[in-house]
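User: Good morning. Could we go through this model together?

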Amino acid sequence: MVAVGADGAKFATDKDWQRFGADESNDFATQGNVDDAGTIVQFTYEQIAEFLGDDWLDKLGQLQVEGREAWEVYSVKIGKKSNYTALTDVTELPDFAVSAAGWAQAGRELTDDEKALFVPGTIIEIAYKCDSPVWMVAVGADGAKFATDKDWQRFGVDENNSFATQGSVNADGDKVQFTYEQIAEFLGEDWLDNLGQLQCEGQADWEVYGISIGKKAQ
């Protein structure tokens, strides 16, 4: 990429027009992370700031793209790193295909054998269709309360931040993962003993195709 200073403003390189993300001294080798297909390249904010200076955005006039050959850019996206990962030793909970309107919940009780799948180190993956990631809801058995002192508790979502997901979402936006440790830290280590129903919920009309339990693939 190329940063052009606003009204001649100079970056940390003492230039008002500066390439970044390419090693000019090494045949313009990329300094970014390229996907296997060679169609996407990523640069971190820290990489840019280290080269152009922490105040580079204050000085920026235009953000441009450049390449050694004829090139076409389809889009530029800004996001955060996802910890979404491939799973191994996967078990899918049977008959956990549920749907509901936005802000409504649906799910079912888990058998003892299904609860036994949730152990430290496992990852819970939800395959869904919704305009935003879905999260989960724990309902206490016979009024049992979780560590939050509630018998009905959302988890995997930040209610204080526009219900932003606390899970890891895949690139297609149709799967989200939560770790056992995330759940236990919020609901308590004994959350499965207190669990009656495991449900899902979303901000818009949603459909869950299945819930799988697995471990991070090495």
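Analyst: Two strands pair if DSSP finds at least two bridges between them; strands (E, at least two residues) and helices (H or I, at least four) are DSSP runs, numbered from the N terminus. The model is predicted: local features need pLDDT of at least 70, side-chain atom pairs count only at pLDDT 80 or more, and totals for chains, interfaces and linings use all residues. Residues are numbered from 1 along each chain as its sequence is written, and side-chain values use heavy atoms, leaving out hydrogens and water.

User: In what order do the 4 strands of the open sheet come?

Analyst: The order is β10-β18-β12-β13, with antiparallel pairing. β10 (106-109) and β13 (152-155) are the edge strands, each pairing on one side only.

User: How many bridges join β12 to β13?

Analyst: There are 4 bridges between β12 (residues 135-140) and β13. M136 stands opposite F155 in β13.

User: Now the pockets. How much space lies in the largest one?

Analyst: The largest pocket holds about 2500 Å³. A pocket is an open set of points on a 1 Å grid over the protein atoms alone, where a 1.4 Å probe fits, with protein on both sides within 12 Å along at least five of seven lines; lining residues have an atom within 4 Å of a point. The volume is the space filled by probe spheres set on the points, which are joined across faces, edges and corners.

User: Which residues are closest to its centre?

Analyst: Of the 47 lining residues of the largest pocket, I40, V41, Q42, F43 and K77 are the closest to its centre. Helix α1 gives the largest share of that lining, 3 residues.
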